[in-house]
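The following note was prepared for a colleague who asked for a reading of the model shown below.

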Amino acid sequence: RPSSDPLVPQRKLCLPVPGSCHKPEDVIQRYMEEVAAAPDEDCIICMDQLSSPSSYESPSSEDGGQGILPSAVGKFVKCGHTLHMLCMLAMYNNGTKDGSLQCPSCKTIYGEKTGTQPKGKMEIYSIGQSLPGHPDCGTIHIIYSIPPGIQGPEHPNPGQPFTCRGFPRFCFLPDNHKGRKVLELLKVAWMRRLIFTVGTSSTTGEPDTVVWNNIHHKTEMMSNLSGHGYPDPNYLDNVLSELASQGVTEDCLKAPSGASS
């Protein structure tokens, strides 16, 4: 433990088993509108003119009819960027197929983005000791635990084992207003399987291992020898930006419309 102060448990989050199913063509048509005339520009995915058909093959629909046509050009309903709908379908089918889309031009997320994090456990504790740079509050202590396992269809090598080096991993936040907001958003990111993924370690080069997934954490409490500790006056704002890039924002914390208080 990083401190002799008692750890006060707050909450334990166990990751649910993923299991939702979305028809790819329906996802494309939910978040893109087909345009009548293709604009005079290139598709950002295939880099061919939008006036030319997509080079991807059009899959047949379940009833045997024609699905999205190669000539179909779609516009995202919020950001307005246009591209071949079949190109976007191919990109979707090459990802996690979670029912969400991300515009390849501006990175706007449509729907609820989920990741490929393996099953595990997120534990949250309170420590009375302060972090360097945050003398007026205690510390939030997060412990991530993920056991080794077998890769699923969403991972680089399905059916092969993956390793989990350096677990459990200990992370720290200041127990102030902004730190608690980051914690709540990290809980959302954890449940959406966005904190970790299976890939190749950037530090050791080991393949098929659990690695961080572009949401930086502070893993040192009382020092900053690795650059992953405190003080760091910009950290909370930076991690809020990283969470937002994964579609995890304050809107995720709002109670659903009609929910009782």
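What percentage of the 261 residues of the protein count as buried? The share is 42%. The model is a predicted one, and the points below should be read accordingly.

1. Overall composition. The protein contains four helices and 13 strands. Among contacts between residues at least 6 apart in sequence, 65% join residues at least 24 apart.

2. Strand 2 is joined to strand 3 (residues 73-76) by three bridges, and Glu33 stands opposite Lys75 in strand 3. Strand 3 also pairs with strand 4 over three bridges, in the antiparallel sense; here Gly74 stands opposite Leu83 in strand 4. The hairpin of strand 3 and strand 4 has five residues between the strands, and Gly80 takes a positive phi near 80 degrees in it.

3. Phe76. Is Phe76 buried or exposed? The relative accessible area of Phe76 is 1%, which is under the 20% limit, so Phe76 is buried. This residue belongs to strand 3. Leaving aside neighbours within four places in sequence, Phe76 is in contact with Tyr31, Met32, His81, Leu83, Met88, Leu101, Cys103, Pro104 and Tyr110. Ile28 is 48 residues away from Phe76 along the chain, yet their C-alpha atoms are separated by 9.2 Å.

4. The largest nonpolar core. This core has 35 residues, and those with the most contacts inside it are Ile142, Tyr144, Leu173 and Leu186. Two or more residues each come from strand 7 (121-127), strand 8 (139-145), strand 11 (169-174), helix 3, strand 12 (196-199) and helix 4 (235-245). Helix 3 gives the most, with seven residues. Not counting residues up to four places away in sequence, Ile142 touches Met122, Glu123, Arg169, Phe170, Cys171, Leu173, Leu183 and Leu186. Another core, of 21 residues, lies apart from the largest one; Ile68, Leu86, Met88 and Leu101 are among its members.

5. Helix 3. Why does the end-to-end distance of helix 3 agree with its number of residues? At 1.5 Å a residue, its 15 residues (177-191) should span 21 Å, and the end C-alpha atoms are 22 Å apart, which agrees. The buried residues of helix 3 are Gly179, Val182, Leu183, Leu185, Leu186, Lys187, Val188, Ala189 and Trp190. After the helix comes Arg193, with a positive phi near 65 degrees.

6. Helix 4. Tyr235, Leu236, Val239, Leu240, Glu242 and Leu243 are buried in helix 4. These residues cover an arc of only 160 degrees around the axis, so they lie on the same side of helix 4. Strand 11 and helix 3 are included in what covers the buried residues of helix 4. Gly247, which follows helix 4, has a positive phi near 85 degrees.

7. Strands 12 and 13. In a regular strand the side chains alternate between the two faces of the sheet. In strand 12, Phe196 and Val198 point one way while Thr197 and Gly199 point the other way, and all are buried. Strand 12 and strand 13 (residues 209-212) run antiparallel and are joined by four bridges. The bridge partner of Phe196 in strand 13 is Trp212.

Conventions:
Residues are numbered from 1 along each chain as its sequence is written. This is a predicted model: local features need pLDDT of at least 70, side-chain atom pairs count only at pLDDT 80 or more; totals for chains, interfaces and linings use all residues. Side-chain values use heavy atoms; hydrogens and water are left out. The expected span of a helix is 1.5 Å times one less than its number of residues. Buried means under 20% relative accessible area, exposed over 50%, partly exposed in between (1.4 Å probe, protein chains only). A nonpolar core is a set of buried Ala, Val, Leu, Ile, Met, Phe, Trp, Tyr and Cys residues joined through side-chain atoms within 4.5 Å. Contact means heavy atoms within 4.5 Å. The arc is that of the directions from the helix axis to the C-beta atoms. Two strands pair if DSSP finds at least two bridges between them.
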